[in-house]
Amino acid sequence: MTKALAVFGATGHQGGSLIDYILTSPELSEQYTLRAITRTPESAPAISLQKQGVKVVFGDADIPDSLPRALEGANTVFLLTSSIWDATGRSREIAQGRAIADASVAAGAPYLIFSTLPNVSEISGGKYRNVDHFDAKAEVEKYIRTLPIGSSFFQPAAFMQNFAAGGGLHPQPAGDGTFAIRSPASPSTLIPLFDPVSSSGFFITKILADPEEILSLEQIAEVIARKSGKKVAYHKVEEVPHRREMTVWGMSSHAIDTATEMLLYYETFGYYRPGTEKVAEAARQSVGDRSCVLGFEGWLERIL
């Protein structure tokens, strides 16, 4: 008998990747029936899932009353919360996560998988308190651990999409025909990289997070230059001028605080915590064969 796997964020990067991976896995597709939970069941991505045989239901974490029906009969729930880059983000994201977790318990689901992130405020000893989308997920994880439900936690690395057009670290024209990635972090700051679209499903099904590689900001710029054929460099910018740049880009003061502290946290404490390289290596050793995982260069080849 198959088990019902309810997937939040089903039309997004992580949830969509999980659904795709299970649909293309002969073994997993026999074990699970998929239920995509989305705020927009009439959207093109949701309709596409329906055409692939996935049951699509309405569910909105901001409307808790919509959740019991969406989760009825679910055996396993994959839960993520949306990163919200404004002053309401932390409290709203925590409320979303708690609502889904509570509804999962009330529905009698035996198991919950949550996409989490490190607690920047705690790891930095209070130095960086504005990286809300990290801290909120860490608070939701802490809450889930108190509930009477089996749980596992998926902690992905930094999304490669941050370096694509529209991302906060996309190379910008430097005015002389070259391009620059600009931030207040040092060029040697290491960032573990992960493509949530191609790889989330693989790792979620193993309940492990594993960056394919860890590169410094300077190395990332070098790879982009090599693959794009353009002159791209990393420029460390002092914090105050960089804040002014982000204001010109139209970012809110809260989003500027979040972006600045996130990068300085990476530099000072590491993405996961001090010893990030060892954490990633331990995950790599645990996973085994990762031949299907897309590295940064392969990801660039897809988008350029």
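Strand 9 (residues 179-183) contributes most to the lining of the largest cavity, with three residues. Strands (E, at least two residues) and helices (H or I, at least four) are DSSP runs numbered from the N terminus. The model is predicted: local features need pLDDT of at least 70, side-chain atom pairs count only at pLDDT 80 or more, and totals for chains, interfaces and linings use all residues. Residues are numbered from 1 along each chain as its sequence is written, and side-chain values use heavy atoms, with hydrogens and water left out.

A search of the whole structure returns one cavity of 30 Å³ or more. On a 1 Å grid over the protein atoms alone, a cavity is a set of points where a 1.4 Å probe fits but cannot get out; a pocket is an open set with protein on both sides within 12 Å along at least five of seven lines; lining residues have an atom within 4 Å of a point. Grid points are joined across faces, edges and corners, and a volume is the space filled by probe spheres set on the points. The largest cavity has a volume of about 50 Å³. Its lining consists of Gly168, Leu169, His170, Gln172, Ala180, Ile181, Arg182 and Trp249. Four of these residues are nonpolar, three polar and one charged. Here Ala, Val, Leu, Ile, Met, Phe, Trp, Tyr, Cys and Pro count as nonpolar, Asp, Glu, Lys and Arg as charged, and the others, Gly among them, as polar.

The largest pocket has a volume of about 1200 Å³. It is lined by 49 residues, and Ser82, Ser83, Trp85, His133 and Phe159 are the closest to its centre. The lining comprises 24 nonpolar, 21 polar and four charged residues. Elements that each supply at least two lining residues include helix 1 (13-23), strand 2 (32-38), helix 5 (89-106) and helix 7 (132-144). Helix 11 (253-269) is also one of them. The largest share, four residues, comes from helix 11.

Helix 11 also packs against helix 10, at an angle of about 140 degrees and with the axes 10 Å apart. Axes are lines fitted to C-alpha atoms, for helices over the stretch in contact, and angles run from 0 to 180 degrees between N-to-C directions. The two helices are therefore oblique to each other. Angles under 35 degrees count as roughly parallel, over 145 as roughly antiparallel, 65 to 115 as roughly perpendicular and the rest as oblique. The crossing of helix 10 and helix 11 is right-handed, meaning that the near helix is turned clockwise from the far one by less than a right angle. Glu239, Arg243, Met246 and Thr247 of helix 10 meet Ile256, Asp257, Ala259, Thr260 and Leu264 of helix 11. Contact means heavy atoms within 4.5 Å.

Helix 9 (residues 217-228) and helix 13 (residues 296-303) pack at about 45 degrees, with axes 10 Å apart. Helix 9 is thus oblique to helix 13. Their crossing is right-handed. Ile220, Val223, Ile224, Arg226 and Lys227 of helix 9 contact Phe296, Glu297, Leu300 and Glu301 of helix 13. This contact has five nonpolar, no polar and four charged residues.

The second largest pocket holds about 210 Å³ of space. Of its 14 lining residues, His170, Pro171, Ile224, Lys230 and Leu304 are the closest to the centre. Helix 9 and helix 13 each supply at least two residues of this lining. Helix 13 gives the largest share, three residues.
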